[in-house]
Amino acid sequence: MFASNDKIVLSLVNIKNFNNVYLDCSYTLPEEIPKDILNNIGSIDVFEYHEGVINNGFIAFSIYVGEKGTLDELITSNKKILIKDNIKIEDLNKPILYRIKDNKIIIMNELKDNDIVVNNQEELKQIITKLSTEFTNLKNTIKRIRTIN
């Protein structure tokens with residue numbers, strides 16, 4: 001991270017719309033996302049890549065538009081619950097992502113510890129802007145550390 005040729009890149013990848021269809025795009029922060037894409041995003045993965053002596057990358061966390069809860073909480077509602085294909089829920093108290101459509105609760109995904117859930121596109125835009133700003137600040141701090149000697 002602090003060696004002179006090391007690089008850290010943060011990208012928004014695996015961008016899906018609300019129908020869970022992948023959009024053919026990705027963005028490296030601090031790049032702006034066009035409004036027509038931003039207004040159609042249902043989920044995004046944040047990919048962290050390190051380049052240096054060892055090169056590696058991984059999905060650090062995901063950002064979803066929807067609601068967060070547990071299956072245990074949702075069972076008590078009077079709404080029909082649908083679970084998307086291939087989603088395995090191992091624990092009734094584990095956080096899940098869901099959306100309400102046509103008075104039905106649609107469970108979209110089981111959430112990981114670092115995942116972020118926002119309620120709408122405006123909150124999504126705020127999170128992406130903050131992520132971009134903080135990542136830029138981190139890169140600037142790393143540059144300043146590299147010059148200490």
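This report describes the fold, the strand pairing and selected residues of a predicted protein model.

Because the model is predicted, local features need pLDDT of at least 70 and side-chain atom pairs count only at pLDDT 80 or more, while totals for chains, interfaces and linings use all residues. Residues are numbered from 1 along each chain as its sequence is written, and side-chain values use heavy atoms, with hydrogens and water left out.

**Overall architecture**

The protein chain contains 3 helices and 9 strands; helices (H or I, at least four residues) and strands (E, at least two) are DSSP runs, numbered from the N terminus. Read from the N terminus, the order of elements is β-β-α-β-β-β-α-β-β-β-β-α. Along the principal axes, the C-alpha atoms occupy a box of roughly 65 × 35 × 20 Å. Of the 149 residues in the protein chain, 35% are buried, where buried means under 20% relative accessible area, exposed over 50%, and partly exposed in between (1.4 Å probe, protein chains only). The accessible surface of the chain is about 9700 Å², and 48% of that area belongs to carbon and sulfur atoms; such areas come from the Shrake-Rupley method with a 1.4 Å probe, and for residues only the protein chains shown count as cover. Among contacts with a separation of 6 or more, 55% are between residues 24 or more positions apart, a contact meaning heavy atoms within 4.5 Å.

**Strand pairing**

Strands of a sheet pair through backbone hydrogen bonds, either parallel or antiparallel. Here, two strands pair if DSSP finds at least two bridges between them.

| Strand pair | Sense | Bridges |
|---|---|---|
| S1 and S3 | antiparallel | 8 bridges |
| S1 and S2 | antiparallel | 2 bridges |
| S7 and S8 | antiparallel | 6 bridges |

Strand S1 (residues 7-16) has 7 of its 10 residues buried and is therefore largely enclosed by the rest of the structure. Leu12 has a bridge partner in S3, namely Val46, and another in S2, namely Tyr27.

Within the pair formed by S7 (residues 95-101) and S8 (residues 104-110), Arg99 has Ile106 in S8 as its bridge partner.

**Selected residues**

Ser43 lies in strand S3 (residues 43-51) and counts as buried because its relative accessibility is 8%. Leaving aside residues up to four places away in sequence, Ser43 touches Asn14, Ile15, Lys16, Ile63 and Tyr64.

Asp36 belongs to helix H1 (residues 35-38); its relative accessibility of 59% is why Asp36 counts as exposed. Between Asp36 and Ile116, 80 residues apart in sequence, the C-alpha to C-alpha distance is 22 Å.

Asp91 is placed in the loop between S6 and S7 and, at 40% relative accessibility, counts as partly exposed. A polar atom of the Asp91 side chain lies 2.9 Å from the backbone nitrogen of Asn93.

Terms used:
Polar contact = N/O pair within 3.5 Å; in protein donor to acceptor, adjacent residues only side chain to side chain.
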